[in-house]
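Subject: Structure handover

Hello,

Here is the structure I said I would pass on. Please open it first, then read the notes below.

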Amino acid sequence: MTIRTPLCDLLGIDIPIGNAGMAGGTALAPLAAAVSMAGGLGAIGGIDQRGPAFLREQIHAVRAATDRPFSVNLIAWILDVAPAFLDVCIEERVPSVTMSFGDAGPHIARTKDAGITVIRQVQTIAAAREAVAQGVDVIIAQGGEAGGHTGSVATMALVPQVVDLAGEIPVIAAGGIADGRGLVAALALGAQGVIMGTRFVASEECTTSAHEHREKIIAASADDTIFTDVFDIVDGMKWPAGISGRSIKTVFAAEWHGRESDLVALRAEIMAESGTPNEAPVRAHSAYAGQSAGLIHDVKPAAAIMRDIAAEAEAVLAKLRT
Ligand SMILES: Cc1cc2nc3c(=O)[nH]c(=O)nc-3n(C[C@H](O)[C@H](O)[C@H](O)COP(=O)(O)O)c2cc1C
């Protein structure tokens, strides 16, 4: 038996697994193309300092590698000030756009009008209700275990509640999932698929830019992450209320978490250490990753990650039936 859900037909994929479109150069064309070619939903992290023209290049690179469907992830509150990232997706008629963090409302109608499948990632029940009212095609329920920016409701509680209110709209689970057990658990909660970020950071195709990001994930257990604003303060970013970043607890995060106002005051001095105006010094780099880091022990090709998870999920299902 292969694990297949109605979501697969909606998105034109074979396996209900996707990679998170991780911004800032983490999920670029090589990862998106590898996941899509392996039958999943590959995604590009669309927001990048290199700008909308760079996103267009990434879209072209995925299309040069495969004609399978893929998604572009856009951070909604950044679109409010930089709508050109969405313009590129619309001009390029990408198969789907995933929006997260902030009120995606103003951007959803024009994306749908362009015939693009709209996926909205939510962290709360209120946002899930809003997404239903906005007529999105798919909702990702992202739990607080997730790596990167997220909310604070756990995946186990969030997913079934979002499923209950989503009606016919398929729900994808994200946060804390890194193996076949997690996939089966997500399906049991009523999700029709999973999105994984942390697991795919430790893939061969991930173009991780942060220093020793993968090594830190492989060395970490579930106890080693922190939910914090310190990296946003360093980056000079103001995220929507209720959203913070989950990262491996680096020396810098441990030093400044809880002392945010001191960090605000010293930010300019810390930034000056790097010698470049917009880039944080090495010691202040995030290593965004979720609590699933403790399940990840190796760097593998994306296709192997997907194959192994699908096989493990089938073995778990068979065992549950005995
Ligand atoms: C390094 C990293 C970067 C991320 N960047 C984004 C992003 O740009 N946009 C977004 O919607 N989610 C982002 N996320 C969150 C993912 O979309 C996803 O919800 C999360 O990774 C799922 O949890 P997991 O890390 O436990 O698999 C990021 C996650 C990580 C680990």
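A residue is called buried when its relative accessible area is under 20%. His149 has a relative accessibility of 9%, so it counts as buried. Please keep in mind that this is a predicted model.

The chain as a whole

The protein chain holds 15 helices and 11 strands. Its radius of gyration is 18 Å, close to the 20 Å that the globule rule gives for 322 residues, so the chain is as compact as a globular protein of that length. The C-alpha trace spans about 55 × 45 × 40 Å along its principal axes. Of the 322 residues, 56% are buried. The chain exposes about 13,200 Å², and 55% of that comes from carbon and sulfur atoms. Among contacts with a separation of 6 or more, 63% are between residues 24 or more positions apart.

The ligand

There are 23 residues around the ligand, and those that come nearest are Asn73, Gln142, Gly176, Gly197 and Thr198. Sorted by class, this shell has 10 nonpolar residues, 13 polar ones and no charged ones.

A polar backbone atom of Gly197 is 2.8 Å from a ligand oxygen. In the side chain of Gln142, an N or O atom is 2.9 Å from a ligand oxygen. For Gly21, a backbone N or O atom lies 3.4 Å from one. On its own the ligand has 600 Å² of accessible area, and the protein covers 96% of it.

Asn73, one of the residues that come nearest to the ligand, is part of strand 3, which runs over residues 70–75. Its relative accessibility is 10%, so Asn73 is buried too. Leaving aside residues up to four places away in sequence, Asn73 touches Gly21, Ile44, Gly45, Gly46, Ile47 and Thr98.

His149 sits in strand 7 (residues 148–150).

Helix 2

Helix 2 covers residues 29–37, and seven of its nine residues are buried, so the helix is largely enclosed by the rest of the structure. The buried ones are Ala29, Leu31, Ala32, Ala33, Ala34, Val35 and Ser36. What covers them includes strand 1 (17–19), strand 2 (42–45) and strand 3, along with helix 3 (52–65), helix 10 (198–201) and helix 15 (302–321). Just after helix 2, Gly39 takes a positive phi of about 100°.

Ala293

Ala293 lies in the loop between helix 14 (260–272) and helix 15. Is Ala293 buried or exposed? Its relative accessibility is 0%, so Ala293 counts as buried. Not counting residues up to four places away in sequence, Ala293 touches Thr198, Ile217, Ala220 and Ile248. Ala293 and Asp223 are 70 residues apart in sequence, while their C-alpha atoms are 9.3 Å apart in space.

Regards

Note on methods:
Residues are numbered from 1 along each chain as its sequence is written. This is a predicted model: local features need pLDDT of at least 70, side-chain atom pairs count only at pLDDT 80 or more; totals for chains, interfaces and linings use all residues. Side-chain values use heavy atoms; hydrogens and water are left out. A residue is near a molecule or strand if one of its heavy atoms lies within 4 Å of it. A polar contact is a pair of N or O atoms within 3.5 Å; within protein, one must be able to donate a hydrogen and the other to accept it, and residues adjacent in sequence count only if both atoms are side-chain atoms. Accessible areas come from the Shrake-Rupley method with a 1.4 Å probe; for residues, only the protein chains shown count as cover. Ala, Val, Leu, Ile, Met, Phe, Trp, Tyr, Cys and Pro count as nonpolar, Asp, Glu, Lys and Arg as charged, and the others, Gly among them, as polar. Helices (H or I, at least four residues) and strands (E, at least two) are DSSP runs, numbered from the N terminus. Buried means under 20% relative accessible area, exposed over 50%, partly exposed in between (1.4 Å probe, protein chains only). Contact means heavy atoms within 4.5 Å. The radius of gyration is taken over C-alpha atoms; the globule rule is 2.2 Å times the number of residues to the power 0.38.
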